[in-house]
Amino acid sequence: VETPVEKTLGIGEDFTVVGLKAQVPEIISKRQFYQQLGLTGVITKNEASIVLNGLMSNGDEIPANTPSLPQIIKIYIDDIEDEELKFKTLNSFISSNEFHRSHEMTWIFGLLVFGSDEESVNAGRDQFWIEAYASI
């Protein structure tokens, strides 16, 4: 899948690439996924740091009773009625080392984050995957 992209990368000197088509990667790492959620404001940076490092974003220890999953993901999982599917989904969000764009879970999560129609979900998910893949 190709998507037009405008991106400024902060490596050394900033530069902007405009009008080029970027390939949408199939796979992003756990770090890229949660970091991008934090950078886009879908979850807080603290929530991303807790999932990835077990620490607050400033390096402090996590306060007692702090959930290990971001609230939006917890809500999504709590809404799953089938207990087996809920268990598998929970383990995917906690334990996966990579996230596949084509996996059904990312489509359903996309509905929650990017909109309720197919075009919005696909465009939002593609842009998210491109930006996450490009993140340092």
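The paragraphs that follow take up the salt bridges and then the cavity.

This is a predicted model, in which local features need pLDDT of at least 70 and side-chain atom pairs count only at pLDDT 80 or more, whereas totals for chains, interfaces and linings use all residues. Residues are numbered from 1 along each chain as its sequence is written, and side-chain values use heavy atoms, with hydrogens and water left out.

Side chains of opposite charge can pair when their charged atoms come close. With a salt bridge taken as a side-chain nitrogen of Lys or Arg within 4 Å of a carboxyl oxygen of Asp or Glu, the model has four salt bridges. One of them joins the side chains of lysine 74 and aspartate 78, with an N to O distance of 3.3 Å. Both residues belong to helix α3 (residues 71–78), where they stand four residues apart, about one turn of the helix; helices (H or I, at least four residues) and strands (E, at least two) are DSSP runs, numbered from the N terminus. Relative accessible area, found with a 1.4 Å probe on protein chains only, sorts residues into buried (under 20%), exposed (over 50%) and partly exposed (in between). Aspartate 78 is partly exposed at 42%, and lysine 74 is partly exposed at 36%.

A salt bridge also links glutamate 83 with lysine 86, whose closest N and O atoms are 3.9 Å apart. These two residues lie three residues apart in helix α4 (residues 83–95), about one turn of the helix, and glutamate 83 is exposed, with a relative accessibility of 56%.

In the salt bridge between arginine 101 and aspartate 126, the closest N and O atoms are 2.5 Å apart. Arginine 101 sits in the loop between β4 (98–100) and α5 (104–114) and aspartate 126 in helix α6 (residues 118–134), so the pair ties together parts that are 25 residues apart in sequence. Aspartate 126 is buried at 6% relative accessibility, and arginine 101 is buried at 13%.

What, then, lines the largest cavity? A cavity is a set of points, on a 1 Å grid over the protein atoms alone, where a 1.4 Å probe fits but cannot get out, and its lining residues have an atom within 4 Å of a point. The largest cavity is lined by Phe33, Thr106, Phe109, Gly110, Phe114, Arg125, Phe128 and Trp129. α5 gives the most to this lining, with four residues.

Conventions. 1 Å grid on protein atoms, 1.4 Å probe; cavity = no way out; pocket = protein on both sides within 12 Å on 5 of 7 lines; lining within 4 Å.
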